[in-house]
Number of protein chains: 2
Amino acid sequence: MGQKKNVTFNDIAKYTNFSKTTISRYFNNPDSLTLENQEIIAKALVDLDYKENKVARILANGNTEFIGIILPNLFNNYYSEMLDRILSTYEQFGYKFLIFIGNENEDHERSYIDELLAYKIEGLIILSHTIPSKELAGLQIPIVTIEREDTYVCSVNTDNYMGGCQATCLLASHNCDILIHINSSCDKKSPTYGRVQGFIDICQEKHLPHEVYLKMTGDTYETAQKQLSEIVDNLDQKYAGMKKGIFISNDTQANILLNILIKKHKCFPEDYLIVGFDNSLISREAIIPISTVGQQIDKIAYEAVSLLVEQMNERKKRRPVPLKEPVHKVITPILIRRETTEKE
Amino acid sequence: MGQKKNVTFNDIAKYTNFSKTTISRYFNNPDSLTLENQEIIAKALVDLDYKENKVARILANGNTEFIGIILPNLFNNYYSEMLDRILSTYEQFGYKFLIFIGNENEDHERSYIDELLAYKIEGLIILSHTIPSKELAGLQIPIVTIEREDTYVCSVNTDNYMGGCQATCLLASHNCDILIHINSSCDKKSPTYGRVQGFIDICQEKHLPHEVYLKMTGDTYETAQKQLSEIVDNLDQKYAGMKKGIFISNDTQANILLNILIKKHKCFPEDYLIVGFDNSLISREAIIPISTVGQQIDKIAYEAVSLLVEQMNERKKRRPVPLKEPVHKVITPILIRRETTEKE
C-alpha cells in the first residue's frame, strides 16, 4: 500500500545508542531521564519521523484519553451546540471523544455504554439520558449528566428555576393582566421542571393572575403547531382585551407561537408578550427577534468536562478518594431582552 | 475503586480446559475452531461475565474500528444533521467515530489529523476541509470528503448543478420577468459552484433575463442582514413592477431575505418568489415556509461511510488493489415546493 514502515522503539534505540528500556521510559516516565537525554531522544524522533502509536501507549499506561458521549440527537440545536462546545474542550484538556446518538432509547443507550466500556473510556458524559441515574451510578466509571434526573450521578445543568423566575419577572415588569406558562408535562424530578416552579413561585409571590398549560406533547413540529393554535384561540377568547404575558418552554415553540399570532392578526398583536428559553438560533432568526432565557452552553460544556476530568484524575491516584456525594453544578442563565417584550 | 477484576484469557482457558491459544483464536479467527468449540467458549464468556477489551483486541489484529471525522462546526444545521446521520451508520457498519471540530482552520485540521492517526483510525471523513485535497491524498489512509475541492480524494456531494437547475426551472415556470441568483463568490473548483452554473445555464438555455449577485460574505448573521437589505433596495428600484424570482444559496439567507421583504412591505410581496437551498429546519420554521432544494443528507452520509468502508476493507485484503482514480459520488437533490413559490 505504499505506507512508510513504522519507526519502532528498536529503531530509536539503535539511532540513539540508548537501550529500548530507556526509550520506553522516555514515553511513559520522561522525568526519570536527564533533560539532556530527553533532548537527544526528542531530536531522534524528529530525525526518524516517528509517529506516535497511542494504541500501543494505552496498553503501556492504561489511559486511553477517551471520553464517551451519548446524546439523543443532533437535530436539536441545543444538543448540537453543546456537542460543539464539549468537543472544543480538546484544546484545554486533550481528551478525545467517542460519540453515540442514543435516540432517547434506553436499550440503545445501554448497548452504546457497553461498546464505550469495551474501548476503556475514562469517563462518560450523557445528555438527556433515559437510563435511571441509579443504574448509571452502578457503572463505576466517572459520569457527568446534563439534563434529566440526576439523583445518583454528577451533573451540570442550567439553573432552570432561576430562568423561570427571570422570564416571569420580565413579563411582570410589563404589567401584564395575565401571565401564562406553556410547557410539556415534565417530570417533577427533572431539572427542567424548575422552569415551571420558578414561574409559579414568582406569580404567587407577586399575587399575579396566572395560568399554566402543561399539555405540549411536542412530538413533531406539526403537532406543536396544532396544539399552539388551539391555545392561541383559547387565550384570544378567554383573555380578550387583556395584556397577555407568555413564558414558553423553548425557542422553537416560541417561534411557532409568534408565527401563529402574526398570521392570525396580520401583525404581532399589541396585547401579547413572549419569552422563550434557550437562546437558540431560531430566537434570533425569527421574523421578530424573540426574548429568551439563554443557557450558557459554553459554560455548561466546560464545567461538565472539568467535573469529569477531576473524577478521572482522582482515579489515577495511588489512593483514590471517591466522591461521597454526587456533585450537582448549576449554571446561571442569562435573560436576553428582544422585540417580543418591547411594549409599554 | 470497587471495580470487578477483569476476566482474562487465562480464566477462560482454565474454565473451558482449552489452551490460551485456542481462546485467542476464538476472538481473532473464530472460523478456525469447530462450531461446537465456539459454542463452549461463547457459553463460558457468559458464565464468567467476560467484558471485551477492545483495546487489547486492536493490538492483536490491528483493526481499531475507528473512523475519524473532522468538521468545521456544529452550529450550522447542515453539519450537525450530517454528523447525526454519519453516527447513526454505526448500526449498519459497526464503526466508532472519533470527532474533532476543525473551525475551518488548516493548522487545526492538520494537528487533529495527526492525533487521529496516532489512534490508528482506519479511515477519515472530512467535511468542508481547508487542507488541499492533494495533501489529504498524501496521508495514505482511506479518505472521503464532503463539500469543497476534491480533485485527489474520494468524495460524496449533492449534485449542486442539478439543484441549481431545479431551482431555476421552478422560478422559470412561474413566468418571472427577471431571475436573480444570490450567492457568495465561491471558488469555481468547489462542488457548490455548480449551483451558480446550473442557474446560468438554464437562464441562457431558456433565454431568460437574469442577474447574478456573488457578493454575500456571510461572516455573520448581521452582515448577511445588511447585505441582503441593500440587495432588496436595489431590486425594488431596478425591477419595480416586475416579477422577480430569486434563487439564493442557502435557507438561512432565504429566511433573512423573506423577513426583510415582509418587514419592508408589511406582507410577502406579490412580485417576489424565493427558492433556498438545503431544506434545513429554518426553511420549515420560517413565517412563510420556504421553497428549497433539499440535500439528501441521510444518503450523503450513508454513501460517505460506505465508500470509506469499501476502501478500508480493500486494505485488509492480502493483496489490496488501491483505487486507480478517486471516486466522486453525487447525490440527486430534491426540489421542495412551499409557499414562497405559490403564485400565479
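In this predicted model, helix α9(A) passes helix α10(A) in a right-handed crossing. Two packed helices are described by the angle between their axes and the distance between the axes, and you will see both values for each pair.

**Helices α9 and α10 of chain A**

- The contact of this crossing draws on A:Asn160, A:Tyr161, A:Met162, A:Gly163, A:Gly164, A:Cys165, A:Thr168, A:Cys169 and A:Ala172 from α9(A).
- From α10(A) come A:Gly194, A:Arg195, A:Val196, A:Gln197, A:Gly198, A:Phe199, A:Ile202 and A:Cys203.
- Sorted by class, the residues of this contact between α9(A) and α10(A) are nine nonpolar, seven polar and one charged.
- Helix α9 covers residues 160-172 and helix α10 covers residues 193-205, and their axes lie 7 Å apart at an angle of about 40 degrees.
- Because of that angle, α9(A) is oblique to α10(A).

**Helices α11 and α12 of chain A**

- Helix α11 runs over residues 221-238, and its axis and that of α12(A) come within 10 Å, crossing at roughly 55 degrees.
- These two helices, α11(A) and α12(A), are therefore oblique to each other.
- Here too the crossing is right-handed, with α11(A) passing α12(A).
- On the α11(A) side you can find A:Ala224, A:Gln225, A:Leu228, A:Ser229 and A:Val232, which meet A:Gln253, A:Ile256, A:Leu257, A:Ile260, A:Leu261 and A:Lys264 of α12(A).
- The contact of α11(A) with α12(A) has seven nonpolar, three polar and one charged residues.

**Helices α5 and α14 of chain A**

- The axis of α5(A) and that of helix α14 (residues 297-315) come within 8 Å and cross at roughly 50 degrees.
- So α5(A) and α14(A) are oblique to each other.
- The crossing of α5(A) and α14(A) is right-handed.
- Four residues to look for in α5(A) are A:Glu81, A:Met82, A:Arg85 and A:Ile86.
- Their partners in α14(A) are A:Ile297, A:Asp298, A:Ile300, A:Ala301, A:Ala304 and A:Val305.
- This contact of α5(A) with α14(A) counts seven nonpolar, no polar and three charged residues.

**Domains of chain A**

- The domain assignment gives domain 1 as 9-61, domain 2 as 66-157 + 297-330 and domain 3 as 160-295 + 334-341.
- Between the C-alpha centres of domain 1 and domain 3 of chain A there are 61 Å.

**How chains A and B are related**

- Two copies of a chain are related by a rotation about an axis and a shift along it.
- For chain A laid on chain B, the turn is 180 degrees and the shift along the axis is 0.0 Å, with an RMSD of 0.2 Å.
- That is why the relation is that of a two-fold axis.
- In chain A, the C-alpha nearest the axis belongs to A:Leu98, 2.6 Å from it.
- Both copies use the same surface, as 100% of the contact residues of chain A recur in chain B.

**Where the chains touch**

- Chain A brings 43 residues to the contact, and chain B brings 43 residues.
- On the chain A side, at least two residues each come from α4 (54-61), α5 (77-88), β2 (96-101), α7 (106-118), α12 (251-265) and α13 (281-285).
- The side of chain A that touches chain B holds 23 nonpolar, 10 polar and 10 charged residues.

Technical notes. Residues numbered from 1 in each chain as written. Chains lettered and ligands numbered in written order. Predicted model: local features only at pLDDT ≥ 70, side-chain atom pairs only at ≥ 80, totals over all residues. Axes fitted to C-alpha atoms, helices over the stretch in contact; angles between N-to-C directions. Parallel < 35°, antiparallel > 145°, perpendicular 65-115°, else oblique. Left-handed = near helix turned anticlockwise from the far one by under 90°. Contact = placed C-beta atoms within 7 Å. Nonpolar A, V, L, I, M, F, W, Y, C, P; charged D, E, K, R; others polar. Domains from an automatic or database assignment. Least-squares fit on C-alpha atoms with pLDDT ≥ 70 in both.
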